[in-house]
Amino acid sequence: MKRLTLITLIVCTCFAAFSQETFPVNGPFNKSHNYYAFTNANLVVDYQTTLANATLLIKDGLIVEAGAVVKVPKEAVVYDMKGKTIYPSFIDPYTSYGVAEPEKGKRMALSPQYESAKKGAYGWNQAVKPETEADKLFTADSKAADELRRLGFGSVLTLQKDGIVRGTATFVLLGDGPDQEQILKGQTAACYSFDKGTSTQSNPESLMGAIALIRQTYYDALWYGAVKTKKEFNLSLEAFNNQQALPQIFESTDKLSDLRAAKIADEFKVKYIIKGAGNEYQRLDEIQATASKFILPVNYPMAFDVEDPFDASLVSLTDMKHWEMAPLNPGAFAKRGIAFALTTADLKDKKDFWKNLRKAIQDGLDEKSALRALTAAPAEMLGMADKVGSLKAGMVANFIITSGNVFDEKNILFANWVNGHPYTMIDPAMPDLRGTYDLKAGDNTYKLKVTGDLDKPKGQLFVADSQKVGVSAALTQKGYSVTISYELKGQGNIRLGGNISEDPLLLSGKGQLADGAWIDWTATLKEPFKPEAAKKDTVRKSLPKLEDVYFPFAGYGKKKTTTEKAADQKQEDILIKNTTVWTNEKDGILKNKSVLISGGKISRIADNIDVPAGAHVQVIDGTGKQLTAGIIDEHSHIAISNGVNEGSKASSSEVRIGDVVNSEDINIYRQLAGGVTAAQLLHGSANPIGGQSALIKLRWGKAPEEMKIKGADGFIKFALGENVKQSNWGDFNTIRFPQTRMGVEQVYYDCFIRAKEYDQKMKAFASLPEKDKVKAGAPRRDLDLDAIAEILNKKRFITCHSYVQSEIMMLMHVGDSLGFQVNTFTHILEGYKVADQMKKRNIGASSFSDWWAYKMEVKDAIPYNGAILYHAGLVVAYNSDDAEMARRLNQEAAKAVKYGNVPEEEALKFVTLNPAKLLHLDDKMGSIKPGKDADVVLWSDNPLSIYAKAEKTIIDGTVYYDIDEDKLLREDILKERARIIQEMIAEKNGGAPVTKPKPKRPRLYTCDDEENDYLND
């Protein structure tokens, strides 16, 4: 059959491409319905099926048949694909292709915006916009489509990446025809994130606020969908409910937020497809346990420019190792059998896609999994597997034609067919001119060497075989015609033009010398072109392995050992011999005792304990050392991600610190070095009723959920004083209620009265018979009132930020009148004025040791406060409210001895047993007693001494900090940094782009912090 090029074919098919069924045509209709057959191809039907010498037959944008034996209709246009490979076009499941970025919202005033500015019958929060529909926003973008087609993509999912609830995405083809022809499915998936996007509304202003907003939206939608008589019509909730049957995609920006998204999915019995961040390999066990599907980017970080040692000091070990290990991520998923697709999302330059993907393959991703992640996996995730992702009858004719293995660095992408329409990069029928020829031009004979790329050949002309340097010859190839021009010394410019014939390859035609004389010329192929082997990664001395991941992924993290990976791992028993034991029990301080730890518990305390023969017990010599219960920080703000305050409302009791525990915070390790074993992570003091606390043990290396203390009571942060009425927030923060101390009192009355009514309604519904429940319909669940009702039901307990006597008395009186009680007043710097009233109500005190004069409301603070409260019979603790101070809470406790003559044993209880009592944990920790958790610290000296060092910090019988091991870890960190720095310098010297290090300010939260990374990121 006659050979045609794909350029010709474009002309033949362009009319059909733009003839839409429902649109009138100005002129005659094109009724062309041609078959196109691609024969003798290496046909990749799907990621696991490849057929040699096969045929692909298409018609009207659909695949008619694909197989080894296909009957080709007589009228078909046939293309011989001998030596070529055909793959399904790739699918990008997470883009914003063809959807304009939303305009950044502008506030009408400089003051915070507490209500939605969106007009219409929509929901209350601007960041919740399920009514957004990408198919109504989509307009094909020929430039962006061409960029993606050149990478091999033929279809994409596209959405407007704006807001927390983002509405629906649409599935589109990457053709240049009318928009109506490109949309393959309108509403394809529902999309979510933790990013509020362009919303100008104040809420949420923290990550935990975003999580609470999503949860409340789900509950509101469930109620709205079930209620029979609606008092409101809500377009947002209507849309949200209508989207729940679609695939659900959740964009995350961090491995821990992947886990947070999965937790929301579990609560509401949905399955998110999580668009990951690329660092999932750092918590792969937990990622796998979510049973979620993932969309993975290949946006690997650039190497840092670290030739200047001072610049290098700005780069954390975490960032260095992530640069080295990021390409492991896709391969790690494949090896674990975690379903994933790949995306170009997050790439600064999409041209880096193939370079980065090949790096992932080099680092362990097998090609079969890579192909699946580009074809079948995204198609299956999005419910489009009947249309795209493989080459089977009835599916859309989306395919690419390549020179061979698509993952080979030397592979050539000839064409990308989208919906049966060709987009040609290089005509696959165009002969490959590369090779070595004998060129005869007139009376002269030369050797012509053609190299370069298939579509951009380069020529060198050698006058004699002995000539080492050739004369540059310019080659231009158009289909089966070629021109060659070169300039020889003394002869001027010689120009040749002619045709190309194959079998064997021969170039021939006529040429013109510099004097105008015409000559005949021929070039006969003598030696075919041999592509250079793909360059190996010569920069990296060794490839990273998943076994080299630190837990946590930071300095002082540790690799998992083989035993730690075992499911039947048992804790090692520990015997601490011949030490001084501060029991915090009636036995007081015991000299020269041995303490046996077994199964994570204190087992025995005795004069001498022998290790049974054959027992696996770690023996620690405690001679000259002192053993205490672990320090418990009753008021901490470490290990919290993206915001400690949700101050956008007077009551934010729906937010939970437990949702944003950051297991990677280096302050965990630093505080272990100060003997801290447990802490209450508190919401800040931006509003009268803050968020719910998280009680954690400082299990460095464990995931967030593993750090939480199981079975612990629930706590919540309240606050009084300047912060909650926004006294020092500036002139524009004067519109959020309350603005006065009287208003703060009214907030409590209002919230608790509403919570009482809400609780009664919920209990009344719960008591109904099932048939009556169906008839009545469930009341709307309110997460804010849920938490306050838990206080009334004594299931959640208040820790209240407080300073001034009058306010402290106010809240106690509110509690008396409404039937609740404060558990702990924290800070409580005027507690000495109200000690009798606190004692009367059995309220505890968690104070600073000697802070004063740092703001107006603490002007009456005295360092004897703790001692006075202690002598009044209260349970007294000292807390940090500060990441740095928590490293030396033992010294803070010693100040109670100095200011008020509190006995040493009792002073130590200020940071051990007493905070355990305040947190209702004293049955498990706070003292050294058989049966209690083995949370202990071995000190080098009297624990109240400024010379005392924590030599070993043990939690649940596991040593989490060891002063000797710490020295080794420091040496390892220096060596590891030095090794990676050399790798980065080699990367730079190899010509790779590098980025200049920038200083990163560590985020250390306190009560007062309103600024946070959630709004800044």
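What follows is a short tour of some salt bridges.

## Ground rules

This is a predicted model, where local features need pLDDT of at least 70, side-chain atom pairs count only at pLDDT 80 or more, and totals for chains, interfaces and linings use all residues. Residues are numbered from 1 along each chain as its sequence is written, and side-chain values use heavy atoms, with hydrogens and water left out.

## A buried pair and its network

The structure has 66 salt bridges (a side-chain nitrogen of Lys or Arg within 4 Å of a carboxyl oxygen of Asp or Glu). One of them joins D956 to K697, with the closest N and O atoms 2.8 Å apart. D956 sits in the loop between β43 and β44 while K697 belongs to strand β36, so the bridge ties together parts 259 residues apart in sequence. (Strands are DSSP E runs of at least two residues, helices H or I runs of at least four, numbered from the N terminus.)

D956 is buried at 14% relative accessibility, and K697 is buried at 1%. (Buried means under 20% relative accessible area, exposed over 50%, partly exposed in between, using a 1.4 Å probe and protein chains only.) Both residues also belong to a salt-bridge network with K601, R699, D933 and D935.

## Two pairs involving helices

D816 and R841 meet at 2.6 Å, N to O. D816 is in helix α20 and R841 in the loop between α21 and β40, 25 residues apart. D816 is partly exposed at 45%, whereas R841 is buried at 12%.

K833 bridges to D860 at 2.8 Å, N to O. Here helix α21 supplies K833, and D860 comes from the loop between β40 and α22, 27 residues apart. K833 is partly exposed at 29%, and D860 is partly exposed at 28%.
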